[in-house]
Amino acid sequence: GGTKHHLTLCFFYFGTSPCVRGVRGVSSILHSSLKAICVTSVNNLIKINIMAKFEYVFFFLFRTRLPTQDGKLLEEPKSLSFDKNKQTFQQNGIPVDGDKRLFLKTAPPNSTDWKQDLATGRQEICQFYAQHFASEEEAQHYCQQALFGVALLILDDGVSVDHHSVLATVNGSEVPFIKTDEVLFRIGNLDNSTVLYRFKSNTNNLCLSFADEALLTPFEPGEFSPNSVFLVCGFSYGTLDHDAVETLLVDSKPVPLLAVVFARLIMGQWQFERINEEARLLRSWLQPKINQYSHYAKNAVIPECSRTVTLENQLQDMQSYQNDARFLLTRLDGALQTLDINADNLATRLEKIRVAQADWQISFQEETEKVQWLGDKKSVYHEPLLEIFHSNIKRLQDHKVYLQQQFDYLVGLQEKWRLYLGKRQSLSNEHLNTVISLLIILLAGGSASFTINRGAFGLGIENQIVLWIVITIAVVPVIWHFSSKLFKFVYCIFQRLKR
């Protein structure tokens with residue numbers, strides 16, 4: 001335990017037979033009989049904790065069609081139809097919204113390695129797709145690109161899931177997902193109920209990666225990157241009848257309760273996580289650039305002494321960032337609308353289930369009699385499941401406001417840079433006109449001098465003097481121009497040395 005006064009002894013007992021109960025419609029949910037008796041002595045104080053029996057269930061959500069980076073549409077084979085009478089969680093998955101498919105996979109009996117079980121479940125789904133694709137390689141590619149995410153559900157026989165946690169591998173380290181006090185829904189009353197809890201980690205912006213086992217890796221920026229989200233929840237049966245509760249969870253019609261909940265949570269989290277990560281990255285890139293160019297704009301010496309080609313490159317750089325911000329702002333609007341639609345759809349489905357299951361006391365939220373999505377009017381009541389959508393929408397709206405401000409600031413900076421370049425262009429045109437005028441006068445003077453010396457026009461010496469005076473007056477602005485450029489050059493060198 002880290003000190004000489006703390007001693008922990010653990011004894012593990014593995015049962016030889018699984019629990020006799022089962023989830024209706026699911027043939028092989030893990031019924032592990034793992035019991036752990038941990039005897040802990042701290043200053044002669046002995047505590048005994050007996051872990052309740054539990055089981056792992058995985059929900060995989062796949063898209064049935066998705067656009068690719070080359071402008072094509074990747075679709076699941078036509079041989080997979082959405083015939084609801086033939087769809088099952090375990091074998092074919094069940095349809096969601098006509099363009100998504102939800103699978104349920106279970107851990108094998110007596111297994112406690114959820115990472116390996118999750119990878120195995122995904123591989124089983126890929127093998128199912130391989131039966132319909134032309135090759136296994138196509139099926140593997142489709143599974144990688146089309147996976148929205150996975151929800152890991154811990155089903156516990158006891159009245160609490162407090163003793164559970166999930167250790168996920170992130171960059172070689174173990175990151176725990178710990179149970180929160182967030183009750184997503186409750187079946188029964190406070191004294192006798194089953195409860196779905198949410199588990200969270202202190203590490204955000206992670207997506208699933210599959211090798212020999214399931215891993216978590218940082219999100220890959222990009223609209224077409226296959227970033228699959230990972231959710232963890234825990235469900236305690238309490239003292240209610242297990243079989244009846246399981247029927248409600250996975251056999252309720254027209255769509256099982258858990259299918260409704262996890263499909264929407266996975267979709268909402270996927271939509272939020274990928275846009276949130278891209279917005280966070282763009283903000284981190286934009287701010288230093290804006291600070292750099294703002295410093296340029298405030299110090300007039302820097303733009304004045306910068307080469308024209310440098311200013312033009314900086315203007316192009318700002319335009320590139322502005323285009324990135326404009327593109328992401330458009331996607332942010334789309335993500336906000338999608339989250340709003342998903343939340344409203346989830347509220348509608350939950351209310352239908354609540355009304356259809358009138359014999360159950362199903363509570364999806366507190367202080368209200370009806371499940372409904374109120375959008376920005378969330379202060380009317382507390383809604384645990386829908387609050388997740390409210391929180392994600394609020395964070396994306398914050399990104400939108402901040403990016404819009406940075407976008408507007410970039411527009412202002414670009415206008416200043418265009419003024420710098422426009423001023424230089426005007427001065428260059430004036431100087432060019434002066435030089436052309438001088439050349440014309442010099443050519444005219446030279447021609448006149450030549451003809452005067454020859455006496456072609458009979459001009460006297462006085463007229464020649466007047467002509468050279470005119471030429472001198474014309475040359476003075478040119479001399480002033482080149483003198484000022486020389487002074488500016490020396491001044492800029494001095495300023496660079498000073499900085």
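## A look inside a predicted model

Let's start with a cysteine: Cys-207 has a relative accessible area of 3%, so this residue is buried, as the cut-off for that word is under 20%. Keep in mind throughout that this is a predicted model. Cys-126 counts as buried too, because its relative accessibility is 2%. How many disulfides does the whole structure hold? A search for them finds zero.

How confident is the predictor? The pLDDT of the chain averages 75, and 69% of the residues score at least 70. Residues 1-52 have a pLDDT below 50, and in the model this stretch makes 105 contacts beyond near neighbours in sequence. 

The largest nonpolar core contains 81 residues. Which residues have the most contacts inside this core? They are Phe-59, Leu-153, Phe-185, Phe-235 and Trp-417. Helix 4, which covers residues 257-298, supplies the largest share of the core, with 20 residues. Another core lies apart from this one and has 41 residues, including Tyr-129, Ala-139, Val-161 and Val-232.

If you set aside its neighbours within four places in sequence, Leu-153 touches Glu-55, Tyr-56, Val-57 and Phe-59, among others. Its list of contacts also includes Leu-196, Cys-233, Gly-234, Phe-235, Leu-258 and Phe-262.

Now find Gln-271, which is part of helix 4. Is this residue buried or exposed? Gln-271 is buried, because its relative accessible area is 9% and the limit for that label is under 20%. Leaving out neighbours within four places in sequence, Gln-271 is in contact with Ala-335, Thr-338 and Leu-339.

The structure holds 17 aromatic pairs. One aromatic cluster is formed by Phe-62, Phe-103, Phe-128, Tyr-129, Phe-133 and Tyr-142.

| Charged residue | Ring | Distance from the ring centre |
|---|---|---|
| Arg-63 | Phe-148 | 5.0 Å |
| Lys-179 | Tyr-197 | 4.3 Å |

To find them yourself, look for the charged end of Arg-63 over the ring of Phe-148, then for that of Lys-179 over the ring of Tyr-197.

Definitions and conventions. Residues numbered from 1 in each chain as written. Predicted model: local features only at pLDDT ≥ 70, side-chain atom pairs only at ≥ 80, totals over all residues. Heavy atoms only, no water. Phe/Tyr/Trp six-rings, centres within 6.5 Å; stacked < 30°, edge-to-face > 60°. Lys NZ or Arg CZ within 6 Å of the ring centre and 35° of its normal. Disulfide = S-S within 2.5 Å. Buried < 20%, exposed > 50% of the residue type's maximum accessible area, 1.4 Å probe, protein only. Core = buried A, V, L, I, M, F, W, Y, C linked by side-chain atoms within 4.5 Å. Helix = DSSP H or I, 4+ residues; strand = E, 2+ residues; numbered from the N terminus. Contact = heavy atoms within 4.5 Å. pLDDT = per-residue confidence, 0-100.
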